[in-house]
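Have a look at the structure before reading on.

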Amino acid sequence: MTIASVRVFAPEQWGQVDIFRHFHIGTHSFNSDTKKAISGITNHFQKALTLYELALKLLPNLNLDEEELLNKGYTGAANSREFSAVLEEVFTELYSSIDCTRKIIANIYRKTRRLPNSTRQLFDRVNNNILGDDFPTELKLAISSSDWYGELLAIRDELTHSDIGNCHLDQKTRLVTYMHVGIRRNGEPLIIDDVLGRIKILINSVNEFLGSVFHFLNSKLQPVEIDQLCGFFKGRGYLRKLALEFPMDFNSGICMSHVWFDGDLQFKCPFVGTCGAYERAKFNAPTPFSGSGS
């Protein structure tokens with residue numbers, strides 16, 4: 001049986017949240033719930049992306065409801081209901097990502113005067129300028145510039161307790177309209193024209209918000225070295241020491257596993273010929289990057 005080789009270390013794909021997740025240990029001591037929130041930020045956001053992609057796959061099925069209506073004079077709208085349920089989870093997962101971010105902020109800046117234990121109240125107090133002056137200006141700006149938050153909050157609140165809405169595919173424009181009678185705006189049911197386009201904007205907006213928040217938080221991290229898993233080759237895990245230095249790529253750090261695989265050729269790392277971390281450990285080559293930042 002052939003054992004698969006899996007490369008795990010891919011810093012070129014890390015975002016600001018990933019950097020914080022790996023390197024916060026040199027600066028912050030979080031309890032278990034806060035550590036879960038760090039993972040939750042990425043997990044919820046990735047779920048939102050996955051559900052959005054699933055909605056795109058389900059989109060053609062809306063034609064089946066239209067065909068049923070034309071052929072039978074009525075439709076149970078089963079496909080619309082299924083499509084709507086998936087879309088609604090995108091909204092809730094995006095909000096959960098924001099909620100997890102607030103937990104990190106609240107833990108780090110817990111001594112700030114009038115800092116609430118609520119995402120809704122945090123945004124409200126920043127926008128009304130009633131937080132303590134010791135709350136960072138950079139975070140205030142990231143929050144106050146998030147003009148999409150109120151919409152996402154309102155939808156999340158109603159979807160938590162409401163039935164599923166419904167979607168309609170316009171046969172001419174091919175755009176999907178979402179309507180939910182349980183969510184009211186100015187006394188009228190919520191209607192979102194081109195809901196897929198609106199969700200894409202929200203995804204990008206939330207992503208930019210997360211990037212802004214954690215770019216700032218990363219700039220406050222103390223330099224630290226961590227043990228970083230490179231990958232699994234021939235059934236064994238391979239490690240390197242990795243410092244908080246930028247830029248960062250697959251050559252960063254210093255190989256730790258060479259001390260055992262150099263003496264056992266059958267387990268020699270497949271990247272020894274091209275890996276700067278191995279060369280640095282083996283031949284005391286200088287570190288290509290220095291300093292810290294984000």
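At what angle do α1 and helix α8 (residues 195-219) pack? The angle is about 35°, and their axes are 8 Å apart. Keep in mind that this is a predicted model, where local features need pLDDT of at least 70, side-chain atom pairs count only at pLDDT 80 or more, and totals for chains, interfaces and linings use all residues. Residues are numbered from 1 along each chain as its sequence is written, and side-chain values use heavy atoms, leaving out hydrogens and water.

**α1 against α8**
- Helices here are DSSP runs (H or I, at least four residues), numbered from the N terminus.
- Axes are lines fitted to C-alpha atoms over the stretch in contact, with angles from 0 to 180 degrees between N-to-C directions.
- α1 passes α8 in a left-handed crossing (the near helix is turned anticlockwise from the far one by less than a right angle).
- On the α1 side, Q16, V17, I19 and F20 meet L210, G211, F214, H215, L217 and N218 of α8 (contact means heavy atoms within 4.5 Å).
- Those contact residues split into six nonpolar, four polar and no charged (Ala, Val, Leu, Ile, Met, Phe, Trp, Tyr, Cys and Pro count as nonpolar, Asp, Glu, Lys and Arg as charged, and the others, Gly among them, as polar).

**α5 against α7**
- Helix α5 (residues 119-127) and helix α7 (residues 149-161) have axes that come within 12 Å and cross at roughly 155°.
- That makes α5 roughly antiparallel to α7 (the cut-off is over 145 degrees).
- T119, R120 and F123 in α5 touch Y149, L153, R156 and D157 in α7.
- This contact has three nonpolar, one polar and three charged residues.

**Aromatic rings**
- The whole structure holds 16 aromatic pairs (rings of Phe, Tyr and Trp, the last by its six-membered ring, with centres within 6.5 Å).
- F20 and F30 have ring centres 6.3 Å apart and planes at 40°, so they are tilted (stacked is under 30 degrees, edge-to-face over 60, tilted the rest).
- F20 sits in helix α1 (residues 16-23) and F30 in the loop between α1 and α2 (32-58), 10 residues apart.
- F20 is buried at 0% relative accessibility, and F30 is buried at 7% (buried means under 20% relative accessible area, with a 1.4 Å probe and protein chains only).
- Y109 and F135 form an edge-to-face pair, because their planes are at 70°, with centres 5.9 Å apart.
- F9, W14, F233, Y238, F250, W260, F261, F271 and Y278 form one aromatic cluster.

Technical notes. Helix = DSSP H or I, 4+ residues; strand = E, 2+ residues; numbered from the N terminus. Parallel < 35°, antiparallel > 145°, perpendicular 65-115°, else oblique. Buried < 20%, exposed > 50% of the residue type's maximum accessible area, 1.4 Å probe, protein only.
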